Amino acid sequence: MKKENPDPAFQNILVAGGIDVRPCVFDKKGEIRWYLRRKPKGYGIFPLSKGRFLFMEREISAPSYTNPHSVQMYDMDYLGRVGRTYLVKNGAHHTVEEKTPQGNILTAGNSLEGHSEDLILELDRQSGQIVHQIKVGDLFDETYQDMMDWAHINSASYNEAQDSMLVSMRNIHSVALFDWGKDEIKWILADPRFWEGTQMAEKLLRPV
């Protein structure tokens with residue numbers, strides 16, 4: 001160590017993801033304080049409430065024409081103890097969070113109905129069953145649905161007060177807000193030129 005901030009914003013930092021990096025925590029001096037010996041899928045681990053996290057298994061995946069996504073996830077604590085195992089038949093990827101603290105699990109999934117990385121899933125925290133899902137291809141027009149991974153969901157974040165889901169989709173260069181109860185698009189944030197002349201143009205937020 002050559003230089004130190006005497007008053008850092010964070011005493012410890014969690015490195016949660018990376019293809020060749022084990023999840024670890026390092027302190028303000030750069031010393032490793034904790035690490036997970038077993039590597040998860042490249043998306044890493046996802047912190048949950050009450051000192052737990054969700055681990056995506058890298059060795060058990062769903063076959064597809066694109067990425068082989070993890071079908072098995074573990075609810076673990078930081079001593080490595082597994083509390084519950086979840087099976088997501090068509091694979092989970094990219095994002096995991098709790099719908100509410102200690103509540104159901106939200107993750108991205110795959111329909112494998114001609115497309116992948118196109119589902120948002122809500123899993124019952126106790127049973128692991130899918131209790132709600134949105135297939136984004138049902139809400140968008142077919143303008144860009146011309147390849148397997150046309151949407152590529154990267155993140156999904158729930159807003160309890162609005163009962164809405166904020167979703168980032170890399171391959172259509174858009175962020176959309178979905179009404180989670182009605183399965184509708186509230187609005188789309190994107191360069192207007194991308195959706196110009198399509199059915200989705202009316203959903204676009206207008207630049208000021």
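Predicted model: local features only at pLDDT ≥ 70, side-chain atom pairs only at ≥ 80, totals over all residues.
Biologist: Fine. What makes Glu4 count as partly exposed?

Modeller: The relative accessibility of Glu4 is 36%. Lys29 goes the same way: at 43% relative accessibility, Lys29 is partly exposed.

Biologist: And why do you say that Glu4 forms a salt bridge with Lys29?

Modeller: The rule wants a side-chain nitrogen of Lys or Arg within 4 Å of a carboxyl oxygen of Asp or Glu. For Glu4 and Lys29 the closest N and O atoms are 3.2 Å apart, so by that rule the pair is a salt bridge.

Biologist: What makes that pair tie together separate parts?

Modeller: Glu4 sits in the segment before β1, while Lys29 is in the loop between β2 and β3, so the pair ties together parts that are 25 residues apart in sequence.

Biologist: How many salt bridges does the rule give?

Modeller: The count comes to 11. Another one is Glu57 with Arg38, where the closest N and O atoms are 2.7 Å apart. Glu57 is in the loop between β5 and β6 and Arg38 in the loop between β3 and β4, so this pair ties together parts 19 residues apart in sequence.

Biologist: Glu57 and Arg38: which class does each residue get, buried or partly exposed?

Modeller: Glu57 has 1% relative accessibility and counts as buried, since buried means under 20%. Arg38 has a relative accessible area of 47% and is partly exposed, because exposed would need over 50%.

Biologist: How do you know that Arg125 forms a salt bridge with Asp75?

Modeller: The closest N and O atoms of Arg125 and Asp75 are 3.3 Å apart, and the limit is 4 Å. This pair links distant parts of the chain: Arg125 is in the loop between β10 and β11, Asp75 is in strand β7, and 50 residues separate them. Both Arg125 and Asp75 are buried. They also belong to a network of salt bridges that links Arg52, Asp75, Glu98 and Arg125.

Biologist: Where is Val136, and why is Val136 called buried?

Modeller: Val136 is in the loop between β11 and β12. Its relative accessible area is 0%, and the limit for buried is under 20%, so Val136 is buried. From Val136 to Glu98 it is 38 residues in sequence and 20 Å in space, C-alpha to C-alpha.

Biologist: On to the sheets. What makes β2 and β3 a pair?

Modeller: Two strands pair if there are at least two bridges between them. Strand β2 (residues 24-27) and strand β3 (residues 32-35) have three bridges, in the antiparallel sense, so they pass. In one of these contacts, Val25 has Trp34 of β3 as its bridge partner. The two strands form a hairpin with four residues between them, and Gly30 in the turn has a positive phi of about 85°.

Biologist: How do you know that β1 and β2 pair?

Modeller: They share four bridges in the antiparallel sense, and at least two are needed. Here Asn12 has Asp27 of β2 as its bridge partner.

Biologist: Why do β1 and β3 stand at the edges?

Modeller: The open sheet has three strands in the order β1-β2-β3, with antiparallel pairing. β1 and β3 each have a single partner strand, so one side of each is left without a neighbour in the sheet. The twist averages 20° from one strand to the next.

Biologist: Which order do the strands β12 to β15 take?

Modeller: Four strands form an open antiparallel sheet in the order β12-β13-β14-β15. The edge strands are β12 and β15, each of which pairs on one side only. β12 and β13 pair over six bridges in the antiparallel sense, and Ile153 has Met169 of β13 as its bridge partner.

Biologist: Last topic, then: how much space lies in the largest pocket, and what lines it?

Modeller: About 240 Å³ of space lies there. Of the 18 lining residues, Asn90, Leu119, Leu121, Ile130 and Gln133 are the closest to its centre. The elements that give two or more residues to the lining are β8, β10 and β11, and β8 gives the most, with seven. The lining divides into six nonpolar, nine polar and three charged residues.

Methods:
Residues numbered from 1 in each chain as written. Heavy atoms only, no water. Axes fitted to C-alpha atoms, helices over the stretch in contact; angles between N-to-C directions. 1 Å grid on protein atoms, 1.4 Å probe; cavity = no way out; pocket = protein on both sides within 12 Å on 5 of 7 lines; lining within 4 Å. Points joined across faces, edges and corners; volume = space filled by probe spheres on them. Nonpolar A, V, L, I, M, F, W, Y, C, P; charged D, E, K, R; others polar. Buried < 20%, exposed > 50% of the residue type's maximum accessible area, 1.4 Å probe, protein only.
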